[in-house]
Amino acid sequence: MNNWFMLTVVGKDRPGIVAHVTSALFDGGCNLGEASMMRLGGNFTIMLMVKHKGNTKSLLEMLSSVTASLDLHAHIDRIEGELHRHVEPDVRITVFGADRAGIVAKVTGALAEAGLNILNLESDVGGSENQPIYIMHIEGCATEGIESLQSALDVVIKEGIEAKLTPVETLIG
Amino acid sequence: MAVLEILVYPDERLKQVATPVENFDRELRDFVADLEDTMRSGPACVGLAATQVGNPLRIAIVDVSIKPRIRSHGRILLINPEITAWEGHIVGREGCMSVPDYTGNVIRAESITLETFDLSGEKKLYRLEGFEARAVQHEIDHLDGMLFLDRLVSRRNDLFRRKNYK
């Protein structure tokens, strides 16, 4: 029987991580689902849906030589694999400013209360070491309407955080 | 009048370059009526190209008037359409009746000048912008054998990160 697992991999970034991990999975007879993989602060991170006939232990064993040779940490959770049920975002929010403690908590807290369901969040620290700037992109669903989110964001903006909300109109043609 | 079957990627016919319409006849009018019925049968659909229903002619329909708060010319008939001028560019999210359960970001011109023909073969000129201009570009791509998948840009590129340029 085929089961879905969420494989999480973290390690110091170097060339070949994706190729080696996915080759080991392919050789082991696994199928892959959706994935998010990116370099975060010098580390490479993978979140990958894997369909596998065995259990958590056999999947970890399949990856053991790759994780050992590339010094990667792997973690596996059994999941419900829901493919072909994408939820479309109807709003995009960009936040940026001088990096300071609590930006994410403040912004997402206000937005959650105003009905935002986050589908995707990506953030970066740019600028220089002396003057870091924080940039965050959020895509999500406004479950209580765009106006509600804009009001919540207006409060945060008054407190000195630069944030912009753009409705996402997906074109289907 | 009929709702036609919509081809779904990876159907090879979606990659064909369509050929110009030469006869502005009854057959053309009947096909356009069917294409419009098919477009309106998709609840969120704002455009459909002949390519998507397996007809290899340069015909498409766009109608963004179902979207609230968006400037619209109503139904725009695209027959042998040509974009003669482009201005600006903007990222927006697109999906497609021929690519179910996936949407992605695509860069399009912000405003365009469109030359097209009506059912009697008379030339029409439109100045279009924003969402409506995007829809026309998406449909003309179909006539050139292109899908929005050919033009995807990364979500992370919305705000470009730069190294220090000195």
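Which residue of chain B forms a salt bridge with Glu139(A)? It is Arg93(B), with the closest N and O atoms 3.3 Å apart.

## Basis

This is a predicted model: local features need pLDDT of at least 70, side-chain atom pairs count only at pLDDT 80 or more, and totals for chains, interfaces and linings use all residues. Residues are numbered from 1 along each chain as its sequence is written, chains are lettered from A and ligands numbered from 1 in the order written, and side-chain values use heavy atoms, without hydrogens and water.

## Extent of the interface

Chain A puts 21 residues in contact with 28 residues of chain B (contact: heavy atoms within 4.5 Å). About 2100 Å² is buried between the two chains, and carbon and sulfur atoms give 51% of this. Buried area is the accessible area (1.4 Å probe) that two parts lose on being put together, summed over both. In chain A, Leu171(A), Ile172(A) and Gly173(A) lose the most area to chain B, together 34% of what that side buries.

## Strands

Strands are DSSP runs (E, at least two residues), numbered from the N terminus; two strands pair if DSSP finds at least two bridges between them. Leu171(A) has Glu94(B) as its bridge partner in β4(B).

Terms used: Salt bridge = Lys/Arg side-chain N within 4 Å of Asp/Glu carboxyl O. Helix = DSSP H or I, 4+ residues; strand = E, 2+ residues; numbered from the N terminus.
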